[in-house]
Each structure stands twice: as C-alpha cells, then as structure tokens.
Amino acid sequence: MAFWDYANPTRFLRLVQVVLPWLAGLCVGLFAVGLYMSFFVAPEDYQQGDTVRIMYIHVPAAWLCMMCYSVMTISSLGTLVWKHPLADVSAKAAAPIGAAFTFMALVTGSLWGKPMWGTYWEWDARLTSVLVLFIMYLGLMTLWRTMDDPIKAGKAAAVLTLVGALNLPIIKFSVDWWNTLHQPASVFRFDGPTIHPDILWPLLVMAFAFTTLFFVLHLMAMRNEVLRRRVRSLRLRAASAAQPGPAAAAQPAE
Amino acid sequence: MFQDLTFSVESGTALVVTGANGIGKSSLLRTLAGLVALTSGTIRLDGADEDKPPHEFAHYFGHQDAVKPALSVLENLGFWQSFAAPAEAESYLAQTMTPIGALDLLGIGHTAHLPTAYLSAGQKRRLSLARLLVTARPIWLMDEPTSALDKASEQQLLDLMDRHLAGGGLIVTATHTKLALARTQALHLEAQPVAASIAEDD
Amino acid sequence: MRNWALVLFQRDLQLSVRIGGSALVGVLFFLAVVTVIPFGIGPDLNLLSRIGPGLLWIGALLATLLGLDRLFQADRDDGTLDLILMAGRPLEVVVLIKCLAHWVGTGLPLVVAAPFLGILLNLDPVATAAVTATLFAGTPALTLIGAIGASLTVTLRRGGLLLAILVIPLAVPTLIFGVSATDAAVRDPVPFMTPFLILCALSLIAAVVGPIASAAALRFASD
C-alpha cells in the first residue's frame with residue numbers, strides 16, 4: 001500500500017521540478033505575445049469597436065473550461081479503471097482550476113453581453129450551458145471537501161465526474177433546445193462564416209497561452225495535493241506514534 | 001423507571017452501579033446528570049450552592065466522546081474548558097489542569113495540534129476524559145468508563161479516579177468490570193420484585 | 001479563561017467552514033435554485049426581473065432550511081448536546097449564539113451572493129440593493145425560526161424534510177414583508193421603510209421567541 005502511494009508520486013514530484021520552470025516560461029512568453037497581438041495587432045470590429053477584444057480572453061477561457069473537464073474525465077477513468085495513484089490527485093487539482101476558468105468565461109461573457117445585449121446576463125444557450133458546468137464544478141469541489149479521506153472522496157468524485165461527462169452533451173443539447181424554443185435566434189453569434197486571419201492568429205496564440213497556463217497551474221496544484229497528502233499521512237502516523245499501549249490500533253476510526 | 005430507589009453517597013466515595021443489561025444503569029446516570037427528568041423523587045447535593053441544580057456540579061462521561069473530528073485536539077479540549085462552568089462544593093478540593101497538562105498526563109499530548117479525526121478510538125476516549133480534568137466539578141458520572149481503553153490506560157483511569165476521590169470528589173459509575181478503587185460503595189440494580197438493594201462495601 | 005459565549009461562537013463558525021462543514025453548500029444550493037428557475041418559466045428577462053426579488057427570497061428560504069437540520073443534530077449525534085445541557089450556561093443564550101454562528105456561516109453568504117444572482121435575473125441596481133438589504137435583515141429571522149424546527153426534529157434520523165414542513169408556515173410573514181419591502185423600493189410611491197421595519201421587527205421577535213422555544217424543545221429531547 002505504502003509503495004503504491006509513494007513510489008510514483010515521488011517520481012512525479014521530480015518530474016514536476018524539471019518541467020515546471022520551462023512550462024512557466026513558455027506560458028509567460030505566449031501570454032506576452034498573445035496579449036500584445038490581441039490588444040495592438042488585431043483589428044477593431046466595425047460594429048463592436050474595442051469591445052471585441054474581450055473575445056481574446058473569453059473564447060480561450062470557454063475552451064479551457066471544456067478541456068479541464070475532459071482532463072478530469074480522463075483522470076476519473078484513471079481512478080476507477082486503471083487505479084492509477086495519481087489519477088484522483090489530478091482530478092482533484094483540476095476542479096478548482098476548471099471552476100476558475102469557467103467563472104472567467106462567465107464574467108467575460110457577461111461583460112461582453114452588456115454592450116451587445118444591453119444587459120449583463122442573457123439566458124443565451126452558450127452562457128447557460130457554461131453556468132450549468134460551473135455549478136457542476138462547484139458541486140464536485142464541495143463533494144471533495146465533505147470527505148476527509150482523500151481516497152474515498154476521489155472515488156465518489158470520479159463517479160460523479162463520469163456521470164457528468166456523459167450528461168454534458170445531453171445538457172448542452174437540451175439547453176439549446178430550451179433556448180431556441182423561447183427565442184428564435186441569438187442577437188449575436190461569433191462562429192460566423194469566416195474568421196479573418198488577423199483575428200484568428202491572436203486567438204490561437206491566446207488559446208495556446210491559456211492551455212499552457214492550465215498545465216502550469218495543474219502541475220502546481222497536483223504537486224501541492226501530493227504534498228498535502230504526505231502531510232496528512234505523516235500526521236496520521238504522528239497521532240498513532242508514542243502511544244503507551246500497543247493495543248490501540250493505528251487506524252483512525254473514520 | 002425506578003421504584004423505591006434510595007441511596008446516598010459520601011464525598012470521597014465511588015458508587016459502583018451494577019446490574020444486568022437493560023436494567024437501567026445508564027438511565028440512572030442520565031437521571032443524575034439531569035438529562036432525564038425525574039417523575040417523582042429528589043436529588044439533593046449537600047454542602048453546595050442551593051441555587052444551582054445538582055447536575056451542574058457533575059461531569060458526565062458517557063458512551064459518546066463529544067469530540068469534533070474537524071477540530072484539533074486542543075481546540076476540542078479548550079472549548080469544553082471555557083464552556084463548561086466549574087462548580088465548587090464544601091469538602092471538595094478543586095484541582096484543575098491546563099489542557100496541555102491533561103493531554104500529556106493521558107498520553108496524547110503529542111496529538112494536541114492534530115485534527116481529532118486522526119485519533120484512534122482509544123485516543124478519542126482519553127481526549128473525552130481530559131475534559132474532566134480541566135474543569136473542576138465535584139461529581140463524576142461515568143458510564144462504562146473503561147470501554148475502549150487498553151489495560152495501561154485503564155489503570156491510569158483508575159488512578160485518576162482515586163485522586164478525584166482523595167480530593168473529596170464523588171463518583172457514580174456504571175460498570176460491568178470490577179473496578180479496583182480505594183473507597184467504593186456498591187449499588188446492585190435488580191428487576192422484580194425488589195427494585196434495588198444497597199449493600200455497603202466499605 | 002475566555003468568554004464562553006465567544007468560545008462557542010468561534011467553535012461553531014470553525015466547524016461550519018472546515019471539512020464536512022456546510023457553510024458554502026447553502027450558497028451553492030441558492031445558485032442552483034436560481035439557475036434552474038428560468039428553465040422552468042423561460043428566459044424572458046422582463047418576467048424574470050419582475051419576479052426576481054421573490055425568486056431570490058424563495059431561494060434563500062430553501063437554502064436556509066436545507067442547512068438547518070444539522071444545527072443541533074450534529075451535536076446530538078456525538079453526545080455534545082448532553083454536555084451542553086449540563087454545562088451550566090443558560091440554554092436560551094446558547095441557542096441564540098449557535099443560531100448567530102450558523103447565520104454568519106450560512107445566511108450571510110446568501111446575502112453576499114444575492115447581488116450576483118440578481119445579475120442573472122436582470123434586476124436593476126435599486127432592486128438588487130433592496131433585495132440584499134431585506135435578505136440581510138430577514139434571513140436571521142429564518143435561521144432563528146428554523147432553530148425551533150431543528151430542535152423539535154433533533155431526535156429524528158431524517159428530520160430535514162419534516163423540519164422544512166414545520167418551518168415554512170412560520171416563515172411566511174418574513175417572506176411577505178421581505179418581498180413587499182423590495183417591491184416598495186422598486187415602485188415609487190410605496191414607502192420602503194414600513195415593510196422593512198416590520199421585517200426587522202420580525203427578526204427581533206424571532207431572536208426572542210426562537211431561542212426560548214428551541215431551548216424548551218431541546219430539554220425535552222434529551223429524555
């Protein structure tokens with residue numbers, strides 16, 4: 001048991017130590033280029049003016065909130081099917097990051113909506129689906145928080161993540177259905193027929209920058225989680241050590 | 001629940017309540033603790049403040065540990081130290097300890113800053129016992145005090161109980177096992193027809 | 001020795017924010033309820049902004065009720081309640097402090113979240129401010145009245161549903177004056193202060209009645 005818990009994470013920590021500085025550097029560089037391009041190179045929209053630049057934050061954030069859920073889904077498979085010791089660490093570490101990106105997508109979408117729709121919030125199909133995803137992220141994080149034992153919590157959360165992954169397309173479909181039932185066409189759609197290269201390139205660079213940011217944060221969060229679990233097992237051992245009688249079991253009651 | 005049950009306990013004495021399962025040993029203790037209302041009869045405590053009900057002079061050490069797994073050991077104990085009001089009585093030498101001192105004495109001092117969730121059942125039991133040492137109250141009501149404790153801890157518990165008695169305290173305990181205490185008095189609960197008989201041991 | 005009331009308050013607040021605590025679950029439930037309502041009635045922003053204050057109040061009521069069943073039950077399950085009864089502290093004050101800590105842990109986050117949820121329901125700034133103010137003044141009443149239900153159902157294994165049924169009728173006045181104060185703020189000629197002051201009075205009355213009734217129920221429950 002102990003070997004399973006420790007051998008792999010130790011190698012993982014060493015790997016993180018090597019990879020992280022490079023990845024962080026790449027992330028900073030991509031952001032520098034991407035932000036410069038989106039603020040100074042990309043053209044203004046002839047209708048929306050400078051407002052369109054919110055897109056360079058909003059779209060990558062929205063893309064990442066999906067990708068993050070995919071990472072969690074794969075990690076959950078890793079927990080339940082392959083029983084990889086780092087899988088639930090990965091899933092747990094990804095959830096708050098995913099929630100943060102989802103929140104960012106919601107906030108930027110709502111700020112973008114103000115000039116477009118005249119209100120901060122419209123029950124638009126995309127935004128609504130993202131809001132549902134946000135609630136799912138928060139629910140998963142809460143589920144992790146309610147259980148003290150990380151192994152048990154990881155399994156429960158993995159089941160929920162997989163059910164959520166199966167449900168997400170259905171949710172997306174039904175929200176689209178619900179939305180078109182009530183209002184025929186959205187005021188604004190940004191997946192127009194063509195995207196001009198002047199817009200596409202900054203968008204791609206920003207998407208890359210956000211993706212590397214995700215991996216930097218994810219690796220850091222995983223490292224912290226591994227360390228946190230070590231602290232936990234050290235403290236568990238500290239609690240059972242130096243006990244007068246050998247009879248009392250080392251395992252905690254809960 | 002009880003019929004014709006009369007007993008008195010002197011300070012410095014432990015009343016050991018015995019009897020078959022389900023005879024009402026725990027109920028008797030809970031009644032003394034003020035947790036079950038008396039339908040008739042009285043509980044009187046001589047030599048103490050008349051305004052306070054007798055159960056406010058008592059510590060209740062029951063089956064449940066009353067510890068919160070999310071709080072640290074010291075936080076749990078510190079809460080009870082501040083929350084439970086101490087009580088004084090004549091002929092009772094109040095002796096209290098600091099929370100750390102009590103934990104050290106009971107052999108769980110090293111866990112003081114750990115979350116209580118990490119403790120074993122026996123350690124939680126001792127944490128619960130530490131509550132009796134940090135707030136001075138002359139009466140200890142103990143329901144199966146030795147359960148979940150190993151032999152060494154049990155001996156330590158008996159020493160603590162003896163010390164409490166020596167300081168003029170009073171113990172009422174329900175137990176299945178024989179307790180080797182200095183001054184005991186036995187109360188054996190029986191079912192029909194005689195509800196209870198009192199035998200002096202001392 | 002520190003002040004026992006302060007110690008009790010701190011402990012209850014700590015328990016609600018630590019692992020297994022329920023502090024943020026209520027807000028999440030609030031968010032989920034408010035999100036799901038447009039799916040039921042349609043995304044019509046004009047309609048939503050008209051009924052928004054009422055929706056927020058109902059959401060807050062449900063979220064409060066949801067968290068209340070553990071108010072005393074958690075303490076009963078591990079034997080803490082017995083010791084609290086024996087501690088020699090006035091039980092009414094103990095209940096009041098526990099309610100206060102519970103409100104800070106679960107009610108106050110609802111008040112803080114209300115303006116953000118107001119955005120989803122297209123509330124204008126005046127209505128948002130009004131609904132936040134009324135929730136701030138009114139949710140303590142919900143917690144304190146709910147405490148009565150919580151102590152009555154403390155011995156039941158699954159008391160949560162029963163608690164909601166017991167408490168909802170008692171919470172009706174709070175809901176009425178909370179929503180009508182918000183409406184008054186939005187529509188001009190009606191004075192805001194009248195229903196708002198009645199709402200404050202309801203909270204103050206609940207602060208007296210709640211702890212007394214709840215303490216009585218807890219004393220019976222220990223038998």
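Reader: Leaving aside neighbours within four places in sequence, which residues is A:Thr79 in contact with?

Author: A:Thr79 is in contact with A:Ala87, A:Asp88, A:Gly154, A:Lys155 and A:Ala158 once those sequence neighbours are set aside, where contact means heavy atoms within 4.5 Å. Please keep in mind that this is a predicted model, in which local features need pLDDT of at least 70 and side-chain atom pairs count only at pLDDT 80 or more, while totals for chains, interfaces and linings use all residues. Residues are numbered from 1 along each chain as its sequence is written, chains are lettered from A and ligands numbered from 1 in the order in which they are written, and side-chain values use heavy atoms, with hydrogens and water left out.

Reader: And where is A:Thr79 found, and is it buried or exposed?

Author: A:Thr79 is found in helix α2 (residues 55-82) of chain A, helices being DSSP runs of H or I with at least four residues, numbered from the N terminus. A:Thr79 counts as buried because its relative accessibility is 9%; buried means under 20% relative accessible area, exposed over 50%, and partly exposed in between, with a 1.4 Å probe and protein chains only.

Reader: How far apart are the C-alpha atoms of A:Thr79 and A:Val89?

Author: They are separated by 9.2 Å, and the two residues are 10 apart along the chain.

Reader: What does UniProt list as "transmembrane region" for chain A?

Author: The unreviewed entry gives that annotation to several spans, including residues 61-82 and 94-113 of chain A; UniProt positions are in the numbering used here, feature names are shortened, and annotations may be inferred rather than shown by experiment. In the model, residues 61-82 of chain A are 100% helix and 0% strand, with end C-alpha atoms 30 Å apart, and residues 94-113 are also 100% helix and 0% strand, with their end C-alpha atoms 28 Å apart.

Reader: Moving to chain C, how far apart are the end C-alpha atoms of residues 93-120?

Author: They lie 39 Å apart, and the span is 100% helix and 0% strand. Residues 93-120 of chain C are one of the spans that UniProt lists as "transmembrane region" in an unreviewed entry.

Reader: Which residues of helix α4 of chain C are buried?

Author: The buried residues of α4 (residues 70-77) are C:Leu71, C:Phe72, C:Gln73 and C:Asp75. Seen down the axis of α4(C), these buried residues fall within an arc of 165°, so they line one face of the helix; the arc is that of the directions from the helix axis to the C-beta atoms.

Reader: What covers them?

Author: The cover for the buried residues of α4(C) includes α1 (4-17), α3 (45-68), α5 (80-86), α6, α7 (125-152) and α9 (193-221) of chain C. Just after α4(C), C:Gly79 takes a positive phi of about 85°.

Reader: Since α7 came up, where does C:Ala137 lie, and what is it in contact with?

Author: C:Ala137 lies in helix α7 of chain C and is buried, with a relative accessible area of 12%. Apart from neighbours within four places in sequence, C:Ala137 is in contact with C:Phe196, C:Leu199, C:Cys200 and C:Ser203.

Reader: Back in chain A, which residues does A:Thr212 touch?

Author: Not counting residues up to four places away in sequence, A:Thr212 touches A:Leu26, A:Cys27 and A:Leu30. A:Thr212 is in helix α6 (residues 197-240) of chain A and counts as buried at 9% relative accessibility.

Notes: Helices (H or I, at least four residues) and strands (E, at least two) are DSSP runs, numbered from the N terminus.
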